[in-house]
Amino acid sequence: MRQRVSMTINGARYEHEVEPRTLLVHYIREQAGLTGTHIGCDTSNCGACTIEMDGHSVKSCTVFAVQANGSQLLTIEGLANGTQLHPLQQAFWDEHGLQCGYCTPGMIMAARQLLARNPNPSEREIRLGIEGNLCRCTGYHNIVKAIQTAARVMGEGAKRKSPATVS
Amino acid sequence: MAVSQMIGASIKRREDPELVTGTGSFVDDLPQTAVLYMHVVRSTEPHARILGIETARAKEAGGVVAIYTGKDLRQEFQSPLPVTVTFVPEKKVPDQYPIAVDKVRYVGEPVAIVLATSRAAAEDAAERVEVRYEALPAVTDIEAAIAKGAPVIHESLGSNLSYDVQRSAGDIDAAFREAEVTVKQRLQQQRLIPIAVETRGVVADYRRFANSLTVWSSTQIPHFVKVWLAVILGIPESQVRVVAPDVGGGFGSKIRVYPEEVLTALASRKAGRPVKWIEDREENMRATHHGRSQIWDVEIAAKKDGTVLGLRATQWLDLGAYCSQFGTFQTIGLLVVQGPYRLKALDGRLVGIFTNRTPTDAYRGAGRPEATYVIERVMDLVAQATGLDPAAVRRKNLVRADEQPFTSLLGFTYDSGDYRAGLDRALELVGYEKLRQEQAEGRKHGRYMGIGLASYLEICGLGPAAPTQANTGVSLWGMGVVRLHFTGKATAITGSSPHGQGHETTFSQIVSDVIGIPPEDVDVIHGDTANGPMGMNTYGSRSTALDGNAVHISATRVRDKAKKIAAHLLEAAEDDIVYEQGKAFVKGSPSKSVTIQEIAMASFQTNRIPPGMEGGLEATTFYDPTNFVWPFGTHVCVVEVDPQTGAVRIARYLALDDCGTRINPMVVNGQIHGGIAQGIGQALLEEGVYGDDGQLKTGTLVDYLIPSAADLPFFELTETITPSPVNPLGVKGIGEAGTIASTAATINAVVDALQPFGVKDVDMPASPAKVWQLMHRNGGKKA
């Protein structure tokens, strides 16, 4: 009893038949072929599979592919503009915010949502904001620093774009 | 940045652009066609006889290609899984095959494999496999396993003991006769589950008519896996290739040749198609080895001035159901328990015990966190018993700089370091005196701050070939190839295989520094047994100390040969050639020069190299150092305990580490950060708990807590730098130091915070419930 789904991922349209039980993360990885979104657990604890769905951050292991029918998705592969890295990707690189890199796509996607809601977070707000994403390599030290750096860079970028807010 | 200053440069990692864009290649990301999916049916019983396995109904399920039980596969294995000697040649080793045949001994042990056209189909079919067990009584902890009349896990051994041996030196009775203070303490090392965020995974592709096998595995040890797949499956080793692609963390948990690597390869051979197995997390927590799981009983002889004279210590090790490949590496805990301190006598006993639980093996630090935990708790227990400050007790006992190279009771020679200077510097930077004042003031107002110290000394950089051959059964040397191409670009091959440590960046800096070409011009190859000679893989903080130096020596040999060619090209004597920043010139006339790119090209042209010289610029080094390396340092942890909830908050964490030369300080600090977090995880959060029924009760990330960002502060890092005299780069290891020190520092801080309540020890993890109970055991009355 397969069902037809279609969705937009990183601006491109995807259409496939799926089993109703197919998890969105499996759909993204195996049918759409976008393997940047990772799987690190089976209980929605680790956050490695975090993506954006219709503007909200979701752990794509807790969404069925059929639930994403008609949705707009953004995954890690959609963040960079050509070879121009997103400020968060750049900041993770600059601040050594990753080691093995396995949790990184989910971490960056979670951080993106965090900064969208709170462009100037305190250290504590960052730590609480990425609490649902587990990293075993970095002790989070440089991840928090990377998000602080990205917040600063993105803040400056936003100011440049809207001169009215410049005092 | 001048290329001659590559050693010590925090250049950004070349690994990262792919990883931050989701274009890395972990095992599950590799494109495969016509692949079959393997699902492993695992024992649900901790200890049982297998009466029969019914697979007919499962074989009828959609998408199933084949199902094999242990009985079906037993004849295919030409050898059991490997177990190294590792410090305990006396141990009894029961055979372990990749899949159970007659009996299961832990929950999670493989009993059958299902091959199907999709993962879902394989899992669906696996639910129809019926295994009939005759349950046997299970032993689920160390004490039950050695109790009289305990059920025996391996009948052939007659008991649940693998070994019970002494490792002693000095006159322990004299030490206790001289003692003015003695303390007895039992110290727990709870069972830990490693949790690399990427679980294990294997893709195997066997080609029948070539009799060749290629395996991609999320492993720390591709070279060892290659050897053992060849031996176990009877395929010529030259026909086996193992690749470790991007590996999502290891921490020791990917250090052994695993049953699933053999089973996936065998499945491919039987099916004639590539086979893929990706572990899920629930499976990972039962099938991938665990760490620690020990009890230490210690008795200390000391003097009133804080001098520690002698130590009696028994390390009880829960091996789990089998001897894992490097499982007895953890006994190094007792062998180096003396740490950075003078000690007159050590009376040590090692007892290895089988239980019906997942086998234990190396987990970040493997034995050395336990050693540091014991000796650092001992220092604090002595401080408590004598009324001295913990820092004073350490200062009293630390080996002095003028005693180096110091030889320990059990015969290890430390390489270098001023341990006291490190302690004093850490105390000064953290503001120790002021913290003690704040603590005293806070206690008056019901605020419970604790300050914990850990002065560690770590043995790592495994290792010199002779002692590692004698003690582990494998000669552990470093391997490094440096090759200059026609155009002057370089390739370096290392026998070490990273899983987050940034080898490509660090090793390119080493080559760049010697040859004088930019690091971007150095490609670094690792983790592929088809590229370069046999390597000794990654564990025990050995990569830079062993393979880094091997690469360094190869690069130096390439440069020396380049100078010879340059002398020939410039028609000068070799002694007159100066080589600097990728250019060779005649002493005194820098305009008469050739670049390394020109020399590299000339090296392939017979008319441009000295007569009789072999062509090419390439060197291979098998590097065998004269000693281990011995990083050290002092960590200071400051905690606040909430008297309402018992919750422990890390208020500050300062780490002083001395790992010798730092090639890329940014990468070094990253290793320390992660190590500290993992040690704090053991101290405060993590525990693998089994029920009396032998079932793992903490079998998901809901029940097994690893630190999140909200549990940790920013860490304050500082260093002293004492280059190791052992190797040309002067480096010591740093991959495990954070974990080795931080568990002890954190627990010492918690116990220190609870001093007003008369608390002398707390079992890890120091959970809020446990801490609250300790604070309220006398109705909340203070001692």
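Chain B of this predicted model holds an open sheet of 4 strands in the order β16-β24-β25-β26, with mixed pairing. Strands and helices here are DSSP runs, numbered from the N terminus (E, at least two residues, for strands; H or I, at least four, for helices). Two strands pair if DSSP finds at least two bridges between them. Local features need pLDDT of at least 70 and side-chain atom pairs count only at pLDDT 80 or more, while totals for chains, interfaces and linings use all residues. Residues are numbered from 1 along each chain as its sequence is written, with chains lettered from A and ligands numbered from 1 in the order in which they are written.

**The four-stranded sheet of chain B**

- β16 (448-457) and β26 (716-719) of chain B stand at the edges with a single partner strand each, so one side of each has no neighbour in the sheet.
- Neighbouring strands of this sheet are turned by 15° against each other on average, direction ignored; axes are lines fitted to C-alpha atoms, for helices over the stretch in contact, and angles run from 0 to 180 degrees between N-to-C directions.
- Over 4 bridges, β25 (residues 648-658) of chain B pairs with β26(B) in the parallel sense, and B:L654 has B:E716 as its bridge partner in β26(B).
- Helix α13 (residues 419-430) of chain B packs on the sheet and touches β16, β24 (632-641), β25 and β26 of chain B, its direction making about 30° with that of β24(B). Contact means that the C-beta atoms of two residues, placed from the backbone, lie within 7 Å.
- Helix α14 (residues 432-444) of chain B also packs on the sheet, touching β16 and β24 of chain B, and its direction makes about 150° with that of β16(B).

**The three-stranded sheet of chain B**

- Another open sheet, of 3 strands, has the order β4-β2-β6 (chain B) and antiparallel pairing.
- Its edges are β4 (103-104) and β6 (130-135) of chain B, each with a single partner strand, so one side of each is left without a neighbour in the sheet.
- β2 (residues 48-54) of chain B and β4(B) run antiparallel and are joined by 2 bridges; B:R49 finds its bridge partner in B:K103 of β4(B).

**Helix pairs in chain B**

- The axes of α7 (residues 222-233) and α8 (residues 259-271) of chain B come within 10 Å and cross at roughly 55°.
- α7(B) and α8(B) are therefore oblique to each other (under 35 degrees counts as roughly parallel, over 145 as roughly antiparallel, 65 to 115 as roughly perpendicular and the rest as oblique).
- B:V225, B:L229, B:I232 and B:L233 of α7(B) meet B:E261, B:V262, B:A265 and B:L266 of α8(B).
- The residues of this α7(B)-α8(B) contact divide into 7 nonpolar, no polar and 1 charged; Ala, Val, Leu, Ile, Met, Phe, Trp, Tyr, Cys and Pro count as nonpolar, Asp, Glu, Lys and Arg as charged, and the others, Gly among them, as polar.
- The axes of α19 (residues 665-684) and α20 (residues 737-753) of chain B come within 7 Å and cross at roughly 40°, which makes α19(B) oblique to α20(B).
- The contact of α19(B) with α20(B) has 8 nonpolar, 12 polar and no charged residues.

**Where the chains meet**

- 44 residues of chain A are in contact with 43 residues of chain B.
- On the side of chain A that touches chain B, the elements giving two or more residues are α2 (87-94), α3 (104-117), α4 (123-129) and α5 (141-161) of chain A.
- That side of chain A has 22 nonpolar, 16 polar and 6 charged residues.
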